[in-house]
Amino acid sequence: MNFVLRTPNQRVALIAGLVIILDQLTKQIVLRSLGYAQERIVIDGFFKFVHWVNTGAAWSLFRGRNELLAVVAIVALVVLFFSRHHFDARTLFGQTAFGLICGGIVGNLIDRLRVGHVIDFIYFYVQRRDGSDLGFPAFNVADSAICTGVGLVFLLTWKGERHAGPDESSASKENVLPH
């Protein structure tokens, strides 16, 4: 296995590939076990598997614009590839972030091209007194990978900004007035 992980690009490709495989495998399970718009409660009043479709982006923004969003996904992948040096690709943390984001984008792009929409199936909610659900938008493995990757990028950026700032001890010495 070590031969597969010799270069940063190989590690990114491995992570992205694993995300794509897991994403597509879980969506196939959903397609085989739940009919369209069916639901299976896992924890009553909190979590269920659903079979919902999304022709839009996150939270169903741009609903019905599947073809446009497929093009945006392809453009995003190209831009990410050419700007990958911003992901601190020297570190495993940065490689993981980049692999998660790219794998998630490709996972949802496969859905858009293959079936014309993204398959969402993870749904967290609370049940209201009237019996209706108040929930977080349904999502999938690819969505989770993208969000986790973006979260890692924020952490890397924050960590980089903290270390790039002036040394507080030398700054405080410079601001001391002579007596």
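Asn140 counts as buried because its relative accessibility is 0% (buried is under 20% relative accessible area, exposed over 50%, partly exposed in between, with a 1.4 Å probe and protein chains only). This is a predicted model: local features need pLDDT of at least 70, side-chain atom pairs count only at pLDDT 80 or more, and totals for chains, interfaces and linings use all residues. Numbering runs from 1 along each chain as its sequence is written, and side-chain values use heavy atoms, without hydrogens and water.

Asn140 sits in the loop between strand 4 (133–135) and helix 4 (helices are DSSP runs of H or I, at least four residues; strands are E, at least two; both are numbered from the N terminus). Its side chain makes a polar contact with the side chain of Asn108, at 3.2 Å (N or O atoms within 3.5 Å, one able to donate a hydrogen and the other to accept it; residues adjacent in sequence count only if both atoms are side-chain atoms). The Asn140 side chain also reaches the backbone nitrogen of Ala142 at 2.9 Å. Leaving out residues up to four places away in sequence, Asn140 touches Asp23, Lys27, Asn108, Val118, Ile119, Asp120, Phe121 and Ile122 (heavy atoms within 4.5 Å).

Now the pocket. Helix 4 gives the most to the lining of the largest pocket, with 5 residues. Strand 2 (47–54), helix 2 (66–82), helix 3 (92–114), strand 3 (118–127) and helix 4 (141–164) each supply at least two.
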